Amino acid sequence: MATVKINGKEITIDDGTLILDAAKTAGFDIPTMCFHARLSKLASCRVCLVEIVGQKKLQPSCVTPVMHGMEVLTESPVVKSARSSMIELLLANHPLDCPVCDKGGECELQDITFKFGPRQSPFGDKKRRFNEEDYILSPVIVQNANRCIQCKRCVRICAETVGVGVLGSIERGAKTGETSFVREYLDCDHCGNCIEVCPVGSLMSRSYRYKSRPWDLKGVDTVCVYCGTGCQLTVQARKDEVVRVISKPEEGINNETLCARGRYGYSFINSIDRLLVPMVRMGNTLEPTTWEDAVRAVRNGLSEAINKGKKIGGIASSRLSNEELYLFQKLMRGVLKTNNIDSGSRWDTAAVKTYAEIMELSKGGLSIYDALNTDTLLILGFGISDENPVTDYIIRRISGNKKMNIIMASPRGMKLDNSAVLSIRHNPGTEGVIIGGILKLIYDKNINSLKNLGGKDYLKDLSKEKVSDITKTAWQDIEAASGYIMASNTITVAVGSDVLRVPSRIEFLRMLIEALRILGKDVKLFPLFDRSNQRGALEMGVHPDILPGYNFIDGDGLGADGIIDAASRGEVGALYLAGEDILSDFPDGVFAREALRQTKFLVVQDIFMTESAKMANVVLPGVTFVEKDGTFTNQEGRVQRLRRLFEPHGDAKADWEIMSAIGESIDPSFNYRSASEIFDEIKKSLPLYSGIIFENLDGNGALVKGPVSSSQSSGKWAVSINLKRESADPEYPFTLITGNHLYHSGRLSLKADTLYEILHEAIVEMCGEDARKLGVSKGDKVKVKGKRHEAALTVRVNEGSMKGVVFIPENFTDVPVNMFFTKGEGYPKVKVIPLGRES
Amino acid sequence: MFEPVLLKNINTPDSFKIDSYLKNGGYRSLKKALEMSPDSIIQMVKDSGLRGRGGAGFPTGLKWSFIPKDPTIPKYLCCNADEGEPGTFKDRAIIEKDPHQLLEGMAIACYAIGAANAYIYIRGEFALGGDRLEDAIREAVSKGYLGKNMPGSNFSLNIYVHRGAGAYICGEETALLESIEGRRALPRIKPPFPAQVGLFGKPTVINNVETLACVPHIIERGAAWFASIGPAKSPGPKLFGVSGHVNKPGLYELPMGTPLREIVYNHAGGIKNGRSLKAVIPGGVSAPMLTEKDLDITMDFESLAAKGSMLGSGAVIVMDDNTCIVKSALIIHEFFHHESCGKCTPCREGLDWIVKVMRRVEGGEGKEGDVDLLLKLCGDVFGRTFCPLGDGAVMALRAAINNFRSEFEYHVSNKRCMVNGRGKVNR
């Protein structure tokens, strides 16, 4: 601890605290321009200079730590004059075109000038001008370099956090300009974080340009719907039209950082395609109707199914709120007496249950920052840089400042590979075998300590050759990974939802965790989900074998795959899809369509007329995340508030209201008036949530808390691990995998103008070697042909990807990737034919 | 007459070749040093009183002693051969005419601090110098003086020549490190100082060419001999590059502390064309100028600092009474304005503003109050910049105005030059 005097006020503070922070603690505000709490230190703007008694020169408080006995003056005449003259110098070449600058009203330069700066300046010469007109730097950025004050925050965030590094300086001295080096459209994440950190109007948001002044905006703090990271957003609207999404520097795990989807994915809210009235099928058409009639039609349809002894199923989107998901399962289980429920239709239902158990989700939440307080971070089963960009940003930023081994296992090259000590490339769906290989090495070296390891018999069959043969990963990589893990005291294993798509032999992970714990290591488990409330859906029990609060059962309920299977046989009398479009999602589009055709009564609740909605008997218009209250639980297990910004569009209703109305039509006691009322019920039935107060949830949310001592079962091996290698088909040499694209998530993002502009045609990604072998390069058209489906796509090359793997995002309506899949056959095999050279 | 030390070889035929260097006793000091302990070498350099010749005058032995002794940490020596200060041409003579003297000094320094790799950061314009150094390194390696297992020891050293791409800021030691690492040359935050976190994040010593060239002589002739030359606080031989309006411009090796008057009038032959001296810059253009009345000053770190100027690189620039100080000040300021790296606000914006005012004052378009404005801007910049570049720029200008304020005022009020009567200049 150091005791220092700041402007005469004595405070005692941690050694190494920056003078800037110490002064803030003591209650003195020092202005800054280049300083940014989560970027490397620059100390170049010199606005924060302070006087240290006994030192000749003024010192930058943003990089100078306090020392015991130091006496600092932040308000002395010399400091004030230096500060004022520094602002004057910043303004000398600044165009002072505030009236036409988008930043007006929230400009840091404007603010510090008013607070600390000179009121007039003797500067009367011609100002420096880089450009006469603003120019477009990327689909999201407009630049006016004349306003730049050289704080280099944009350059730093792009390189250090986003990991793209497309911004830099050209020229030097007074001519220094921050830009892309090529002054043409940037090829980057389009995350807009450079715009967010720009203190002046040099980098501006293209979509928000000239839309509003900040004081005319009405906004709420809420959570992003696009992925499991759970970023805090501030959604701002002018006259009920959302015009901008920003994020606050000191709130949420994302701390101001967002990705392209979070920042620009909002315009689906105001889309003209939104469903605004309930509709009921009359013959071949869906006709608008009243809520009363629509709910009556739903009740009748459900009752008929029950009366006829048919199955009822319900599939809800993992983008609905906790309250809605809880209500959904309560409606299905309590009112309609069925366990046939699931969240989403992309996953293997059994794999989800195994995953929830192995990842110890019932033990409660783990903050990402705690998860990253580790020696080794193993990431697998997730295209993390594309799926959850801000998780990728956080990992990059944290790992840049501390010693930590990142092992990145994925079939595709990931941006995070650059931060990794080891990148493992493996065949799709073999994540568990990679783990098995690592485990095998650890087991062989510690046979005595691990003699009681549950399931160790499975390791007998697992030879080095077998692992390499199945995974197509070099054995040295597996050895290196086990080396890093064994040299670590703390190991964080982050496993993504890709292991849920096909059975991925993830049971080996349970053994690895147990083995490492026996060997005295601290193992942290961190789930990675691509949907914003996937974890919430599991906690609320939207799964046939998971009751709310992770009460695992071996019941007779069907998951999405089972429901669709049963439906195809004509066994399902009524199916309720809440926000879920199985025709786009279920990995066998043909089969899903046939199943819906065989379903007697289909209710679809959604915000758009999805493919599934077009086949529905009743269509119920739900609302977007800014039109309702509620909570999301992100992948960490952090419960965060959704807040209503404005009334629902048209006659649409919050999804929980619709569910409540349907329930009430059958059982009058099923009656809820607010999201917080439902949350209170959740708290009562789920100990995980019992400590959380809905009204008190702020920007940092609250982690769900599991039981203090939780005994996880081990050695239970309900599933046998399949160690057969997939047979190769020379005619179809590529394995097709899918997932979300960096700029898209589900199908929602296609309705967001900016994201649509960034990427609106379906692409196929392959590794450089395969592309060269095919004689194609970025931008070329190819035909991807599987056994059931074919599509023309534009090539993207990912040099870091696995050979023989192609990736088509699941986000494009015109290339529905699920049409390539055949139920029960895993990842499809395809061939790639350069267009014009079809054979 | 002072017998040259650093320049003793430069007039011998093929002085840059190793054979010639060896004939004159070259690499004897290295052999001697390799038989000594590194600590005793550092102590010897400390005792000699050698201070950095790049401008700052930091005690060299002390700088070396900051390097951690842990043998497992890689360490580096960087020789600053970016000689960019206008008026300076001392290091160039050593590099081109006697490169082995530098290499020998570097080898001894590396042995003393435990560096197995060293870089010579040479300005790109010194094409011949760069070639000579590369040739010299090759020669020294082939004769076994550099490379693996140097004479009588198991010490090994690689020296690399790194050519700059033309930026004054690269002479700033941390910007120099950034440049070697392949990044944009911008100065780094200190602390940490290079002795802790330097090149590639490892402990690093950065020394000027002339400093390192002194080292073999200290080893050969002893610390006491070196300390006996010149004043006690700044001892040793010093290279003075005299340029401007003198009869014999050139490079003179003289003891530290030689009076400026002696340098200008005795060695450099006095002012050209029988004119009188108006101003003299004693240590490169960053050093505030002096006038006739200051000529008796002795040329060493302390005396010049006491006068508000600095020894800098020892580049003496003489201006006769026919020189327009306003124009000279502008030319000097244009240099700093051009060379500012742009990292910090006061240097980037302050020098830009000053150059705008200076151009109009010099060009006969000055406004009332401009001279005061210039002084205000100098005050806004001074002491607040990230590195010393901006300080040097405003110190030079401030001295010009303070010594010759009436000339600046004359430019403003009469719209023409006081010295040559020229009016508005076409630029």
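Predicted model: local features only at pLDDT ≥ 70, side-chain atom pairs only at ≥ 80, totals over all residues.
**Entry 1: two helices in chain B**

On the α5(B) side I found B:I94, B:I95, B:E96 and B:K97, and they meet B:P99, B:Q101 and B:L102 in α6(B). I sorted the residues of this contact by class and got four nonpolar, one polar and two charged.

Next I wanted the geometry. Two packed helices get described by the angle between their axes and the distance between the axes. Helix α5 of chain B covers residues 90–97 and helix α6 of chain B covers residues 99–113; their axes come within 5 Å and cross at roughly 95 degrees. Angles of 65 to 115 degrees count as roughly perpendicular, so that is my label for α5(B) and α6(B).

**Entry 2: where chain B meets chain A**

Then I moved on to the interface. I noted 31 residues from chain B and 36 residues from chain A in the contact. About 2,700 Å² is buried between the two chains, with carbon and sulfur atoms giving 52% of that.

**Entry 3: polar links and elements**

I looked up salt bridges across the interface and got five. One I checked joins the side chains of A:R172 and B:E339, at 2.9 Å from N to O. For polar contacts between chain B and chain A, my count is 21 residue pairs.

Elements of chain B giving two or more residues to this side are α13 (325–339), α14 (345–362) and α15 (370–381). α14(B) gives the most, with ten residues. By class, I have ten nonpolar, nine polar and twelve charged residues on the side of chain B that touches chain A.

Conventions:
Residues numbered from 1 in each chain as written. Chains lettered and ligands numbered in written order. Heavy atoms only, no water. Axes fitted to C-alpha atoms, helices over the stretch in contact; angles between N-to-C directions. Helix = DSSP H or I, 4+ residues; strand = E, 2+ residues; numbered from the N terminus. Parallel < 35°, antiparallel > 145°, perpendicular 65-115°, else oblique. Contact = heavy atoms within 4.5 Å. Nonpolar A, V, L, I, M, F, W, Y, C, P; charged D, E, K, R; others polar. Buried area = accessible area lost by both parts, 1.4 Å probe. Salt bridge = Lys/Arg side-chain N within 4 Å of Asp/Glu carboxyl O. Polar contact = N/O pair within 3.5 Å; in protein donor to acceptor, adjacent residues only side chain to side chain.
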